[in-house]
Amino acid sequence: METQYYSKGIPLRNIQVTDRFFKRCMDTVRKEVIPYQWSALNDEVEGAPPSFCMRNFRIAAAAEKRRREEGREAVPVFPADEFQPLPEEGGPLEDRFYGFVFQDTDFSKWIEAVGYSLAQHPDKELEQLADRAIDVVCAAQCEDGYLDTYYSINDLSKRFTNLKDFHELYCFGHLTEGAIAYYEGTGKDKLLKAARRFADYIASVFGPEEGKCKGYPGHEIAEMALGKLYEVTGEEKYLDLARFFIDERGKRPYYFDWEHLIKRAEEKEDYHYYQAHRPVREQTGAVGHAVRAVYLYTGMAQVAKYTGDESLKKACERLWESIEREKMYITGGIGATPEGEAFSYPFHLPNDRMYNETCASIGLVFFARRMLEMSPEARYADVMERALYNGIPSGMSLDGKSFFYVNPMEAEPEGCRLDPQRRHVALPRQKWFGCACCPPNLSRMMSSVAQYAYSENESTLFMHLYCGGILKKQCGDVEAQLEVKSEYPWKDKVEVCVEAESPVRFTFAIRIPGWCRDFSVRINGEQSEGIERKGYWYLERVWQKGDRVEISLPMEPVLYQADARVREDIGKAVLMRGPLVYCVEEADNGANLDLLEINAKGTFRLREEKGELGDIVTISGEGRRIKPRPMEKLYEPYREVSYEPVLIRYIPYYTWCNRGVGEMKTYLRCYES
């Protein structure tokens, strides 16, 4: 591997985001979503499904206190191998666990977003609230380090007995990521110490040594969390545990068979849903539950980077190629089928019956970031950019008070309500979800976006996204400060100003977007002399105080078509400008959007607007609408279709469904005239 190109994320405390696009998202999360989610974690949002999250931690803390006082294990209060029904509406709540087996992660993702937010915007009141919540969570930790309320409340003797279906290692992963974020944002390590104690306990149970469990997570994330824990602590044992889980996955006989006493008469592949059908180095395509998959692939990339495992890196590249080339929507959405929230077969990308879970796009960004840190290639950042500007922000309303779990490419309200195959597309956005993974995942993603925009090594600063802000880079004894002035993705000029007390040498590597047809870079008004490598423009020089880098990214509206093997999109096109995917909505173009066709050779007009959709650029294009003729029967002989000319108004995809419920389409049929 070419280790000279390795990089790592820049600490959030060294970046102050000023970006017009992302700062709006970050401010919405900080001001609206984080307080709202805290109310949801405490079951205080009227009309929203209860979370029970903090309630479970309080009950688990009380159970742990009793255990310590009595010096023995508590008597099981509910079978730990069954899902627990909620009481009838209005009925009393018992002192037992409620919610999904992974309900603990609602807190973990909330505290992660809080940590990232505090790194950018110190807030004493929020920090005190978070500290109190951490006290409750840590009080629920067992003496041996185990921390999972489902088993702590129900029956500790059953822990780690059903790795396939019960999510202890998943809960550990999110707890660890939240603890690291809070530590890095505040310097406080109480939760981090709890996460390390949990990790140490897991390492005492699992491993290649004789007598240890040879299992692995049913729902992955522990692998990538352990990679982060290694980065923060430098302790090899955490990287070793991540590698063990990855290496063990998919071996025959299947651990999940052994766990559930399944005997196979034939050596048939199974557990594709869990990405455990084969050892990971033998997997050739992305399969199964999309979120689980990209979490696993992220952990694989981290382990490959830190161990120099070339075979694992090659597996990551194959899996990435499978997603990008065959199974990804143009918005960065993944998971085409609601059956199992999973990847479908190659090129099966339906627009109205897809899934595209918000969490899946977020996981894809995690994967892209780790691939970039291992091998800076623009193709990874191009996908990361598509998800961050389209498939992820669409998951949250502009006011931050409602959310999409599913992000369709087209929607027709009556069909979503009446068609069983489309009922998973819930319109409008929901206040909250019983399985509330997406809203807090979105919060932690948007609060930490600067870590995805830039990375560095000793000699090089990589610009993966054109995120405006002020960032610091240490070069030996000299600290350089760069101010990135950007109104991307609305305007096509980005300026970077360098400040340093003395001349400083480093390489500035700028991504050339795959969509950009005429990229150029000037330094102090002169055309730059750089080297292009895998989609990055490398500028190596001694930088002087006041040096100015001007990046030009001309962005015109362009119609994109899908590979002809994507049957749903044959003869259709989607409009993009720069990184933004655009769509048409009923609010602008009337009902029956299926009657619209866009002129592929027509003129597009741009308009800057400030209104209920925010400060955006809309696009109008020449098109036509089919004029339906009256018919006496359901089927009649074909007659020539007649049209009326129309001006079709497009809005950025991420802004749809913020003006009430109505139809939406991204792909329209095309004609040429």
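This is a working chat about a predicted model of one protein chain.

Colleague: What are we looking at, overall?
Modeller: A predicted model. The protein chain has 673 residues, 60% of which count as buried. Its secondary structure comes to 18 helices and 23 strands.

Colleague: How does the radius of gyration of the protein chain sit against a compact globule?
Modeller: It agrees, because a compact globule with 673 residues would have a radius of gyration near 26 Å, and the protein chain has 26 Å. The C-alpha trace spans about 80 × 80 × 55 Å along its principal axes.

Colleague: And the accessible surface, how much of it belongs to carbon and sulfur atoms?
Modeller: 48%, out of about 27300 Å² for the protein chain.

Colleague: What share of the contacts join residues at least 24 apart?
Modeller: Counting contacts between residues at least 6 apart in sequence, 71% join residues at least 24 apart.

Colleague: How many bridges between strand 6 and strand 7?
Modeller: Seven, in the antiparallel sense, with strand 6 covering residues 469–475 and strand 7 covering residues 478–486. Within that pair, Lys473 stands opposite Ala480 of strand 7.

Colleague: Now strand 10. What does strand 10 pair with?
Modeller: Strand 10 pairs with strand 14 (residues 548–552) over four bridges, antiparallel. It also pairs with strand 11 (residues 526–527), again antiparallel, over two bridges.

Colleague: Which residues of strand 10 are on the covered face, and which on the uncovered one?
Modeller: Val521 and Ile523 make the covered face of strand 10 (residues 520–523), while Ser520 and Arg522 make the uncovered one. In a regular strand, side chains alternate between the two faces of the sheet.

Colleague: What about the hairpin of strand 10 and strand 11, which residue there takes a positive phi?
Modeller: Asn524, with phi near 50°. That hairpin has two residues between the strands.

Colleague: Changing topic. How many salt bridges does the count come to?
Modeller: The count comes to 66 salt bridges. Side chains of opposite charge can pair when their charged atoms come close.

Colleague: Asp200 and Lys237: buried or partly exposed?
Modeller: Asp200 is partly exposed, at 30% relative accessible area. Lys237 also counts as partly exposed, at 39%.

Colleague: Where do Arg281 and Asp309 lie?
Modeller: Their side chains form a salt bridge, N to O 2.8 Å. Arg281 lies in the loop between helix 10 (255–259) and helix 11 (290–307), and Asp309 lies in the loop between helix 11 and helix 12 (310–326), so the pair, 28 residues apart, links distant parts of the chain.

Colleague: Why does Asp309 count as buried?
Modeller: Because its relative accessible area is 18%, and buried means under 20%. Arg281 is partly exposed because its value is 26%.

Colleague: What about Glu317 and Lys313, how far apart in the chain?
Modeller: Four residues, about one turn of helix 12, where both lie.

Colleague: Which residues do salt bridges with shared partners join into one network?
Modeller: Glu585, Asp588, Arg607, Glu609, Arg649 and Arg659.

Colleague: Last one, the nonpolar surface patch. Which residues make it?
Modeller: Tyr638, Val641 and Tyr643 make a nonpolar patch of about 320 Å². Val641 lies in the loop between strand 20 (614–626) and strand 21 (643–652).

Colleague: What is the relative accessible area of Val641?
Modeller: It is 31%, so Val641 counts as partly exposed.

Conventions:
Residues numbered from 1 in each chain as written. Predicted model: local features only at pLDDT ≥ 70, side-chain atom pairs only at ≥ 80, totals over all residues. Heavy atoms only, no water. Buried < 20%, exposed > 50% of the residue type's maximum accessible area, 1.4 Å probe, protein only. Pairing = 2+ DSSP bridges. Patch = residues over 30% accessible without salt bridge, like charges linked within 9 Å, V, L, I, M, F, W, Y side chains within 5 Å. Areas by Shrake-Rupley, 256 points an atom, 1.4 Å probe, with all protein chains shown as cover. Salt bridge = Lys/Arg side-chain N within 4 Å of Asp/Glu carboxyl O. Rg over C-alpha atoms; globule rule 2.2 N^0.38 Å. Contact = heavy atoms within 4.5 Å.
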